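Work through the exercises below with the sequence and the model open side by side. Each task is followed by a solution in steps.

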Amino acid sequence: MLKRNKKIFFGLGLIPIVLFTLLVMPQAEEKSYSYENATLPPPQSISEYSDYFVNSVQEASKIVGYTVSEPILPDGTTLQLIGINGDRVAQLYASPHQISKSTLDREFTYKLQGILIHYEKIPDRLSHLGTNILIKNWAEEASIEVITKSDNRVEAVKEIRVGHSPSGPFDMPAEVIASISYNVQVSISGFYSGNTLKSILAD
């Protein structure tokens with residue numbers, strides 16, 4: 001009987017500890033981001049950014065004429081759509097949530113934690129510059145550092161930041177731009193750290 005009472009008292013003694021942990025200790029909250037104050041065009045569906053969709057990066061590579069790599073995504077995130085725009089742009093849409101061609105662009109980015117991986121062969125009118133120079137110019141305008149890799153390709157990273165408009169501040173996703181070759185570049189954007197976005201592409 002005494003042992004049983006000890007168990008009861010021991011159990012009752014745990015209740016205040018559990019309540020303290022639940023009520024007083026800080027709880028981890030999922031960060032949410034807002035675009036409500038941004039001066040942007042009306043939301044568009046993902047389908048409006050592509051002429052059509054394909055089933056694999058290999059199929060996309062054949063169409064655009066350069067290598068579109070299989071992305072190395074954060075845990076729980078899957079590649080769900082691959083869009084083709086013209087003959088030089090491939091767009092990869094990844095998210096930890098279910099998306100479709102009719103998912104709105106802002107919903108994809110802000111609510112569904114989407115990652116957009118945008119490959120582009122630079123147009124002929126800019127081909128004399130090459131991707132390295134274009135990325136360096138972009139980084140200089142944004143006052144961010146350019147990293148030169150061992151093979152002389154470059155990349156630049158904008159972290160998550162706050163934008164400002166007449167309506168007030170709004171959240172802007174992180175963005176990584178990197179040169180793939182002399183005339184092909186890739187940009188990756190989403191509400192993830194710059195290091196996470198950089199790790200999506202295998203070197």
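A residue counts as buried under 20% relative accessible area, as exposed over 50%, and as partly exposed in between, with a 1.4 Å probe and protein chains only. By that cut-off, 37% of the 203 residues of the chain are buried. The model is predicted, so local features need pLDDT of at least 70 and side-chain atom pairs count only at pLDDT 80 or more, while totals for chains, interfaces and linings use all residues. Residues are numbered from 1 along each chain as its sequence is written, and side-chain values use heavy atoms, with hydrogens and water left out.

**Exercise 1. Overall make-up**

Task: State how many helices and strands the chain has, and what share of its contacts with a separation of 6 or more joins residues 24 or more positions apart.

Solution. Step 1: helices (H or I, at least four residues) and strands (E, at least two) are DSSP runs, numbered from the N terminus. The chain has five helices and 10 strands.
Step 2: a contact means heavy atoms within 4.5 Å. Among contacts with a separation of 6 or more, 51% are between residues 24 or more positions apart.

**Exercise 2. The largest nonpolar core**

Task: Find which members of the largest nonpolar core touch the most other members.

Solution. Step 1: a nonpolar core is a set of buried Ala, Val, Leu, Ile, Met, Phe, Trp, Tyr and Cys residues joined through side-chain atoms within 4.5 Å.
Step 2: the largest such core has 26 residues, and V68, I115, I117, Y119, I188 and L197 touch the most other members. At least two residues of this core come from each of α2 (57–64), β2 (78–85), β3 (89–95), β4 (115–121), β9 (174–179) and β10 (184–190).
Step 3: take I115 as a case. Beyond four places in sequence, I115 touches residues including P74, L92, F108, I188, L197 and I200.
Step 4: a separate core of six residues includes I46, L81, I99 and L112.

**Exercise 3. Strand β10 and its partners**

Task: Work out which strands pair with β10, and whether S187 is buried or exposed.

Solution. Step 1: two strands pair if DSSP finds at least two bridges between them. β4 and β10 are antiparallel, with six bridges, and L116 faces S189 of β10.
Step 2: β9 and β10 also run antiparallel, joined by six bridges. Here A178 is opposite V186 in β10, and the two strands make a hairpin with four residues between them.
Step 3: six of the seven residues of β10 are buried, so the strand is largely enclosed by the rest of the structure.
Step 4: S187 belongs to β10 and is buried, at 16% relative accessibility. Beyond four places in sequence, S187 contacts L116, I117, H118, E175, V176 and I177.

**Exercise 4. A glycine in β2**

Task: Describe the surroundings of G83.

Solution. Step 1: G83 sits in strand β2 and is buried, with a relative accessible area of 0%.
Step 2: leaving out residues up to four places away in sequence, G83 touches S50, Y52, F53, V89, A90 and Q91.
Step 3: S47 is 36 residues from G83 in sequence, and their C-alpha atoms are 8.0 Å apart.

**Exercise 5. The largest pocket**

Task: Give the volume of the largest pocket and say which element gives the most to its lining.

Solution. Step 1: the largest pocket has a volume of about 620 Å³. On a 1 Å grid over the protein atoms alone, a pocket is an open set of points where a 1.4 Å probe fits, with protein on both sides within 12 Å along at least five of seven lines; lining residues have an atom within 4 Å of a point. Grid points are joined across faces, edges and corners, and the volume is the space filled by probe spheres set on the points.
Step 2: 22 residues line the pocket, and L40, Y49, D105, T109 and L116 are the closest to its centre.
Step 3: α3 (105–111) gives the most to the lining, with five residues.

**Exercise 6. Positive phi in two loops**

Task: Locate S143 and N152, and state the phi of S143 and of N152.

Solution. Step 1: S143 lies in the loop between α4 (130–142) and β5 (146–148). Its phi is near 55 degrees, positive in a residue other than glycine, and S143 is exposed at 67% relative accessibility.
Step 2: N152 lies in the loop between β5 and β6 (154–158). N152 has a positive phi of about 75 degrees and is not a glycine; its relative accessible area is 53%, so N152 counts as exposed.
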